[in-house]
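Dear colleague,

I am handing over the structure below, together with some notes on its charged side-chain pairs. Please read the notes with the coordinates open beside them.

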Amino acid sequence: MEPHLPRLDPRLWTLAQLVRPGARCADVGCDHGYLIAWLCASGKIPGGYACDINSKPLEKAAFTLSQCGVSHQVKTVRCNGLEGVGPGQVEDVVIAGMGGDLIWRILDACPWSRDPSLRFVLQPMTKIHRLRQLLYANGFVLLQERAVAAGEFVYTAMQAAYTGDCREISPLFAWGGLLLDDPSPEARAYLQRRARMLEERLAGLERSGKSADEQARVRKLWEQLNGRCVQ
């Protein structure tokens, strides 16, 4: 019998494309388990771990894995971040659907994350610029970044690896990442939304009478990002 493949929305589909074929994978914050189930049932990966801090999502994930016929390939683990996965057990890690600060805390707290052979597939919902800053400041680099439209939202999905080269990135790169040079309509839409966020921030600074230096800094960044939107 052919394994049942769950239907992935555009966001999860994009994350699945960033996982390397043949890599054992940990899906952190697995929710319903669709992503890890699809990866296994499609034959893209041999197995892995579905991790969540709460029991309810793991129950849903276990049901999904059973429906897809891959329960024997994926272990469900109730844990905080990657605390339930050890070094050498996976090659790729997906951390998606949460704030950028939380994604970084999970990554930073993992004692075996500084391994250049690993790949981290990240999809932050908030504090995206902060996540890019923290990655580069702590020796990680973005290898790929893709924008994906799902409903009214445009998300970014990143593939990162550790190099040990700690460096500061420009404010423009923090806000746009690799999508600054992506000509796709999805990337343009993503950058336009980020530019609008900066425009709203600038308007708030002007209304509150914040320092002229801060206003000038945000205005310059907004102008740079807005210029990339129309290229």
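Lys-127 counts as partly exposed, its relative accessibility being 43%, and please bear in mind throughout that this is a predicted model. The side chain of Lys-127 meets that of Asp-101 in a salt bridge, with an N to O distance of 3.3 Å. Since Lys-127 sits in the loop between strand S5 (119–124) and helix H5 (128–137), while Asp-101 belongs to helix H4 (residues 100–109), the pair ties together parts that are 26 residues apart in sequence. Asp-101 is likewise partly exposed, with a relative accessible area of 25%.

Lys-56 is exposed, with a relative accessible area of 57%, whereas Glu-59 is partly exposed at 47% relative accessibility.

The remaining pair in these notes is Asp-108 with Arg-114, a salt bridge whose closest N and O atoms are 2.8 Å apart. Asp-108 is partly exposed, having a relative accessible area of 39%, and Arg-114 also counts as partly exposed, at 31% relative accessibility.

Note on methods. Residues are numbered from 1 along each chain as its sequence is written. This is a predicted model: local features need pLDDT of at least 70, side-chain atom pairs count only at pLDDT 80 or more; totals for chains, interfaces and linings use all residues. Side-chain values use heavy atoms; hydrogens and water are left out. Buried means under 20% relative accessible area, exposed over 50%, partly exposed in between (1.4 Å probe, protein chains only). A salt bridge is a side-chain nitrogen of Lys or Arg within 4 Å of a carboxyl oxygen of Asp or Glu. Helices (H or I, at least four residues) and strands (E, at least two) are DSSP runs, numbered from the N terminus.
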